[in-house]
Structure formats: structure tokens, C-alpha cells
Amino acid sequence: IKKHPAHKVYPYLLRDLKIERRDQVWSTDITYVRLPQGFVYLTAIIDWHTRFVLSWEVSSTMDEAFCTSCLESALRRYGQPEIFNTDQGSPYTSKAFTSVLKGKKIKISMDGKGRALDNIFIERLWRSVKYEEIYLKEYASLTELRIALKKYFNFYNFERFHQSLGGLTPAEAHFGV
């Protein structure tokens, strides 16, 4: 995703920051999924400390509307983070997206250009969802994909144990269950 020349880019705030609790840092990204009729786009928001997927959406167009909707859903359901990290793509630098964060007084952090490792936890999520779900199946429609992703993210959050979480699921880590 290319950055928009008229949009403000924010500094990366996470360098050397120790992530110690839930809601300290959330992040987001977009990936694509191939369907018979073409590509669709998947966005998700993840809590860095617990790896809990707070919200996700799929869209046939890559614009700020579905990214902003995903953000608003996560905020409505789970409160808010201290810092929100994204890449410099135009959906995330857009006024619609950043104004939601500014309105909640959430610090905005953006990865350095070409630095995928700055947002490593969402990149790991994409690897997991693609190798454990998407690459194993062929979806005939966007509806079929949404149903499969709903099941997968439920599995990921509530059943899939994470070594980095000491063998807990993201939900156990997030909610302290």
C-alpha cells in the first residue's frame, strides 16, 4: 500500500518500548486473499501483548472505510490502547482513520518505510491465518471466506495456544482467564 502524499506520517513510537500489558499497543495491517473473481482485502487489529485479534473485516476494495470500520469496532468492543501502530499506507494515514484515534487521544505510531518487522505481530498473524486456513482451502465467494475467517479467528483467539504466551491462548492472556 502506498502512502498518500498529502497525508501526515507519524513517527514510530515502539522502538525499544517494552510491551508489558494488554491495551498498551494495538496494531493493524492489510493483506490480500485471492478468490475466483479476484482479490479481496483482509484487515485485522491485534493487541501486541496478548496477540488477541480484536477486530477484522474483509472488503472487495482497499480503502479507508473498511479499515476505519474495523478500528471503530475494536474500540467499541474492547476499549482503547495507549498506542496504535500502523504502516504508512493511505488507508491508515487518511483523515477518516487518524481522526478516530485523535478523538480518543490515542498516540499514533507508524512503521518506518519498508520496515515490515516494525509491525511483526500482525505479520505473524497473516502467516498463521494464511498457512493454517487460507492456503488450505478454495473459497467460492466472499461470503464463504467471511464464514471461514470467523471460525478461524475464533479458533485463533480461544483455542490456539501460543508459545510466546507461555502456552496460553490469546483470550486467556487478554482476559486473564
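The legends below describe close-up views of a predicted model.

**View 1. The largest nonpolar core and the residues with the most contacts inside it.** This core has 27 residues, and those with the most contacts inside it are Leu 125, Leu 145, Leu 149 and Phe 153. At least two residues each come from strand 1 (25-35), strand 2 (38-47), strand 3 (53-59), helix 4 (120-132) and helix 5 (142-158), and it is helix 5 that gives the most, with seven residues. When residues up to four places away in sequence are not counted, Phe 153 touches Leu 42, Val 53, Trp 56, Leu 125 and Val 129. Apart from this core lies another one, of 22 residues, which includes Ile 30, Phe 84, Met 110 and Ala 171.

**View 2. Thr 68 and the residues it touches.** Thr 68 lies in helix 1, which covers residues 64-78, and it counts as buried because its relative accessibility is 8%, where buried means under 20%. Leaving out residues up to four places away in sequence, Thr 68 touches Ala 96, Phe 97 and Val 100.

**View 3. A salt bridge between Glu 82 and Arg 21.** A search of the whole structure finds four salt bridges. In the one between Glu 82 and Arg 21, the closest N and O atoms are 2.9 Å apart. The pair links distant parts of the chain, since Glu 82 is in the loop between helix 1 and strand 4 (83-86), whereas Arg 21 is in the segment before strand 1, 61 residues apart. Glu 82 counts as partly exposed at 39% relative accessibility, and Arg 21 is also partly exposed, with a relative accessible area of 37%.

**View 4. A salt bridge between Arg 160 and Glu 132.** The side chains of these two residues meet with an N to O distance of 2.7 Å. Arg 160 is in the loop between helix 5 and helix 6, while Glu 132 is in helix 4, so that the pair links distant parts of the chain, 28 residues apart. Glu 132 is partly exposed, with a relative accessible area of 31%.

**View 5. A salt bridge between Glu 133 and Lys 137.** The closest N and O atoms of this pair are 3.0 Å apart. Glu 133 is buried, with a relative accessible area of 6%, whereas Lys 137 is partly exposed, with a value of 44%.

**View 6. A nonpolar patch on the surface.** Phe 158, Phe 175 and Val 177 form this patch and together have about 330 Å² of accessible area. Val 177 lies in the segment after helix 6 (170-175) and is exposed, with a relative accessible area of 76%.

Conventions:
Residues are numbered from 1 along each chain as its sequence is written. This is a predicted model: local features need pLDDT of at least 70, side-chain atom pairs count only at pLDDT 80 or more; totals for chains, interfaces and linings use all residues. Side-chain values use heavy atoms; hydrogens and water are left out. Patches are made of residues with over 30% relative accessible area and no salt bridge: like charges are joined within 9 Å, nonpolar side chains (Val, Leu, Ile, Met, Phe, Trp, Tyr) within 5 Å. Accessible areas come from the Shrake-Rupley method with a 1.4 Å probe; for residues, only the protein chains shown count as cover. Helices (H or I, at least four residues) and strands (E, at least two) are DSSP runs, numbered from the N terminus. Buried means under 20% relative accessible area, exposed over 50%, partly exposed in between (1.4 Å probe, protein chains only). A nonpolar core is a set of buried Ala, Val, Leu, Ile, Met, Phe, Trp, Tyr and Cys residues joined through side-chain atoms within 4.5 Å. Contact means heavy atoms within 4.5 Å.
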